[in-house]
Amino acid sequence: MNFPRRRLRRLRRTAALRNLVAESRLHPSDLIAPLFVREGMDEPRPISSMPGQFQHTRQSLRQEVAELHQLGIANVILFGIPEHKDVSGSQAWNPKGILQTALADLKTDLGDEIVLIADLCMDEYTDHGHCGVLDTHGNVDNDETLKNYARIAEAQAAAGADVVAPSGMMDGQVDAIRSTLDTSGFYQTAILAYSAKYATSLYGPFRDAVEVAIAGGGNRRAYQQDTSNAREAMEEIRFDLDEGADMVMVKPALPYLDVISKARRTFDAPLAAYHVSGEYSMVCAAAERGWLDLDSVAYEHISAVRRAGADMIITYFARRLATIMSSQ
Ligand code: PBG
C-alpha cells in the first residue's frame with residue numbers, strides 16, 4: 001500500500017490531541033436554559049412528557065436559576081403559565097402577570113449576572129391556544145395580534161427582561177415590538193427573533209408543559225413555516241434583521257441543520273437554534289428504555305447544532321450538559 005505522507009489518525013491518538021484539533025466546542029455560555037413558571041401552585045410539578053423538567057413556582061424558579069448560574073449557565077428563556085387563560089390572552093401583558101413577576105424576581109436575585117430572555121407569545125395565555133387574536137372566521141389576525149405583542153414587549157421590558165423573544169411568527173412582529181420599545185424608552189432591550197420557526201410535530205411535550213391545546217384540534221400551519229422550505233427561512237431571517245432583530249433563531253434544531261448552516265453562511269448576526277421539547281423527550285425516552293446513553297447522546301446532539309453554525313443553543317439539556325462539562 002502506498003499511503004500519503006499525511007495520515008489522519010495521528011491526530012486522533014489521544015484526548016489531548018483531539019481537543020487541540022477540535023473544530024467546534026461547546027461551552028456553558030453557549031447554552032440557554034428554557035424554564036417554565038406557573039401561577040397558582042405551592043410546589044413545582046414535574047412535566048411527565050419531559051423527564052427532569054418542571055413547572056416551577058416563583059420560588060422554585062429562583063432556586064433553579066441560582067443553581068444554573070452556579071453551574072455556569074447564565075442565560076435563561078422563560079415561559080409563563082397563567083392560572084386563568086382568556087380569549088385575548090390578557091395575562092400576557094399584565095404587569096403583575098406570572099412572567100413579569102418572575103422576571104422581576106430574577107433581576108432582583110442576579111441583576112446583570114444573567115441574561116433574562118422572555119418568550120413573547122400569546123398561546124400560553126389564550127383559551128383557544130393560538131398565538132394571536134382570532135378573527136370572526138377563527139383565523140389568526142396578523143395585524144391585530146401585533147398590537148398585543150407590542151403590549152407584551154413593554155410589560156416584559158418593564159419587568160426586567162434583557163431580551164424579548166417573539167415566537168408567534170406574525171409578519172412584522174419585530175418591527176412592531178422595536179417601535180414600541182423605542183418609543184417607551186426601552187431602547188436597550190434586545191430582540192431575539194424566532195425567525196425560522198417551523199410548524200413541526202416536535203412541540204408536543206412543550207404543549208403539555210404550558211397546558212396548551214389548540215381549539216378544535218387545530219394547528220399553526222397558517223403562521224409557522226412549512227417544513228419543506230429552507231430558502232423561505234432565509235427570507236424570514238432577512239425580514240427580521242431589516243425590522244431590527246438583534247439575534248435570529250432557527251427552530252427546531254436537528255431536523256433543520258441545513259437551515260442553520262445556510263443561515264450561518266448567509267448572515268453575520270448572532271444565530272440561535274432551539275433544540276425543542278420533542279427532540280429532548282425522544283432522547284430521554286430511548287435512554288429510559290436503556291437503548292441509548294443519555295449524556296453522550298445529549299452532548300453529541302447539541303454539539304452537532306453548534307458545529308452546524310449556531311452561536312447559542314436553547315436546550316432542556318442545559319443543566320445536564322453544564323454538569324458534564326464541569327467534570328470533563
Ligand atoms: C410558542 C412556543 C412554542 C414553543 C416555544 N414557543 C410552541 C408552539 O409554537 O406551539 C415550543 C418549544 C418546544 O417545543 O420546546 N409560544
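Modeller: I begin with the term cavity: on a 1 Å grid over the protein atoms alone, it is a set of points where a 1.4 Å probe fits but cannot get out, and its lining residues have an atom within 4 Å of a point. Grid points are joined across faces, edges and corners, and a volume is the space filled by probe spheres set on the points. On that basis, the largest cavity has a volume of about 100 Å³. The model is predicted, so local features need pLDDT of at least 70 and side-chain atom pairs pLDDT 80 or more, whereas totals for chains, interfaces and linings use all residues. Residues are numbered from 1 along each chain as its sequence is written, and side-chain values use heavy atoms, without hydrogens or water.

Biologist: What makes up the lining of the largest cavity?

Modeller: It has 15 lining residues, and Asp123, Lys197, Phe206, Arg220 and Lys251 are the closest to its centre. Strand 9 (190-197) and helix 6 (204-209) each supply at least two residues; helices (H or I, at least four residues) and strands (E, at least two) are DSSP runs, numbered from the N terminus. By class, the lining has six nonpolar, two polar and seven charged residues. Here Ala, Val, Leu, Ile, Met, Phe, Trp, Tyr, Cys and Pro count as nonpolar, Asp, Glu, Lys and Arg as charged, and the others, Gly among them, as polar.

Biologist: Where does the ligand sit?

Modeller: The ligand sits in the largest cavity.

Biologist: Which residues come nearest to the ligand?

Modeller: Asp123, Arg207, Lys251, Ser277 and Tyr316 do, out of 18 around it; a residue counts if one of its heavy atoms lies within 4 Å. This shell holds eight nonpolar, three polar and seven charged residues.

Biologist: What is the peptide bond from lysine 251 to proline 252, cis or trans?

Modeller: It is cis, with omega near -10°. Proline 252 lies in the loop between strand 10 (247-251) and helix 8 (257-266).

Biologist: What gives the most to the lining of the second largest cavity?

Modeller: Helix 7 does, with four residues. That cavity holds about 80 Å³ of space, and its lining includes Met169 and Tyr194. Methionine 169 has a positive phi of about 60° although it is not a glycine.

Notes:
On a 1 Å grid over the protein atoms alone, a cavity is a set of points where a 1.4 Å probe fits but cannot get out, and a pocket is an open set with protein on both sides within 12 Å along at least five of seven lines; lining residues have an atom within 4 Å of a point. A molecule sits in a cavity or pocket if more than half of its atoms lie within 2 Å of its grid points.
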